[in-house]
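Okay, I've got one model to walk you through today. Have a look at it while I talk.

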Amino acid sequence: VTSIMLMMGCYFAVFCSLANIDNIDEGLDRGVLERFWMQPSIGLMILGGIALCKIVATCAELIHPLIRNKYLQHSVALLLISVQIKHNYEGNNESGNHYAYHYAQSILPHLPQNSI
């Protein structure tokens, strides 16, 4: 765990210094910057999941044997995932994303005749 935390610290330090995008309010630059932060977040979520699993296992032994039921555990996990998807879907919906199309449309007029 110590090596993973050291690796995460190095990753944060390197990408904080390299993420010198001027204007992150625009969609494309913000999307690039958000993708830089996905990888360390995945690592943290894995560590958090392992810790949560240990906490639930400990509580299950102390509180009630019903918590040890695998079907109940899977149902609770699916419920939590569903709540997260419902809560964050509108903010992350990229179905109207046309960045590549607009970029191509802005380049095409400046190309020489019959170059494509």
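**Helices, surface and a few residues**

So, let's start at the end of the chain: Asn114 sits in the segment after helix H5 (99-107). Helices here are DSSP runs of H or I with at least four residues, strands are E runs of at least two, and both are numbered from the N terminus. Asn114 has a phi near 60°, which is positive in a residue other than glycine. As a reminder, most residues other than glycine have a negative phi. At 71% relative accessibility, Asn114 counts as exposed; that word means over 50% relative accessible area, with buried under 20% and partly exposed in between, using a 1.4 Å probe and protein chains only.

Before I go on: this is a predicted model, so local features need pLDDT of at least 70 and side-chain atom pairs pLDDT 80 or more, while totals for chains, interfaces and linings use all residues. Numbering runs from 1 along each chain as its sequence is written, and side-chain values use heavy atoms, without hydrogens or water.

Buried residues are 5% of the 116 in the chain. The chain exposes about 10,200 Å², and carbon and sulfur atoms supply 66% of that; the areas are Shrake-Rupley with a 1.4 Å probe.

Last, cysteines. Cys10 counts as partly exposed, at 44% relative accessibility, and Cys53 as exposed, at 52%. The structure holds zero disulfides, a disulfide being a pair of cysteine sulfur atoms within 2.5 Å.
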